[in-house]
Amino acid sequence: MVRNIRIMSAIYKDEELRSIAKKSLKKKRDFKQYLGVWAGVSILLTGIWAVSGGGYFWPIWAISGMGVAAFFIGLDAYGKSFNRPITESDIEAEIRRLTGK
């Protein structure tokens, strides 16, 4: 972790590091907020299902859909590959790949 911070501080200016850190913190906060919304919607739909007589558990469709979304939002917030900022060397490598040089 310390090595990554040293590498990033060597590549980016302080303002850029602050911006990257702020975006990362916002993604993590938004993910936690989404989990709360997911739990609330799940409870509400399950309550409606129970009050309406039970039977086929149709809330599973909304709960599952929101679960898939939660998985990807969590990957974006906490996954290593999604959080890595694009560097100048990444851009130059992509240009070389596109031009075949």
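## Helix α2 and its partner

The buried residues of helix α2 pack against α3 (59–78), where buried means under 20% relative accessible area with a 1.4 Å probe and protein chains only, exposed means over 50%, and partly exposed lies in between. Packing rests on contacts, defined as heavy atoms within 4.5 Å. The buried residues in α2 are Phe31, Tyr34, Ser42 and Leu45.

Helix α2 covers residues 14–51, and at 1.5 Å a residue its 38 residues should span 56 Å; the end C-alpha atoms lie 55 Å apart, which agrees. The expected span is 1.5 Å times one less than the number of residues. After α2 comes Gly53, with a positive phi near 110°.

## Basis of the model

This is a predicted model, in which local features need pLDDT of at least 70 and side-chain atom pairs count only at pLDDT 80 or more, while totals for chains, interfaces and linings use all residues. Residues are numbered from 1 along each chain as its sequence is written, and side-chain values use heavy atoms, with hydrogens and water left out.

## Overall architecture

The protein has five helices and zero strands, in the order α-α-α-α-α along the sequence. Helices (H or I, at least four residues) and strands (E, at least two) are DSSP runs, numbered from the N terminus.

Of its 101 residues, 14% count as buried. Among contacts with a separation of 6 or more, 55% are between residues 24 or more positions apart. The accessible surface comes to about 8,100 Å², and 67% of this belongs to carbon and sulfur atoms; the areas come from the Shrake-Rupley method with a 1.4 Å probe, and for residues only the protein chains shown count as cover.

## Aromatic pairs

Three aromatic pairs occur in the structure. Rings of Phe, Tyr and Trp (its six-membered ring) pair if their centres lie within 6.5 Å; planes under 30 degrees apart count as stacked, over 60 as edge-to-face and the rest as tilted. Phe31 and Tyr78 are edge-to-face, because their ring centres are 5.8 Å apart and their planes stand at 75°. This pair links distant parts of the chain, with Phe31 in helix α2 and Tyr78 in helix α3, 47 residues apart. Phe31 is buried at 15% relative accessibility, whereas Tyr78 is partly exposed at 40%.

Trp49 and Phe57 also form an edge-to-face pair, 4.8 Å centre to centre with 90° between the planes.
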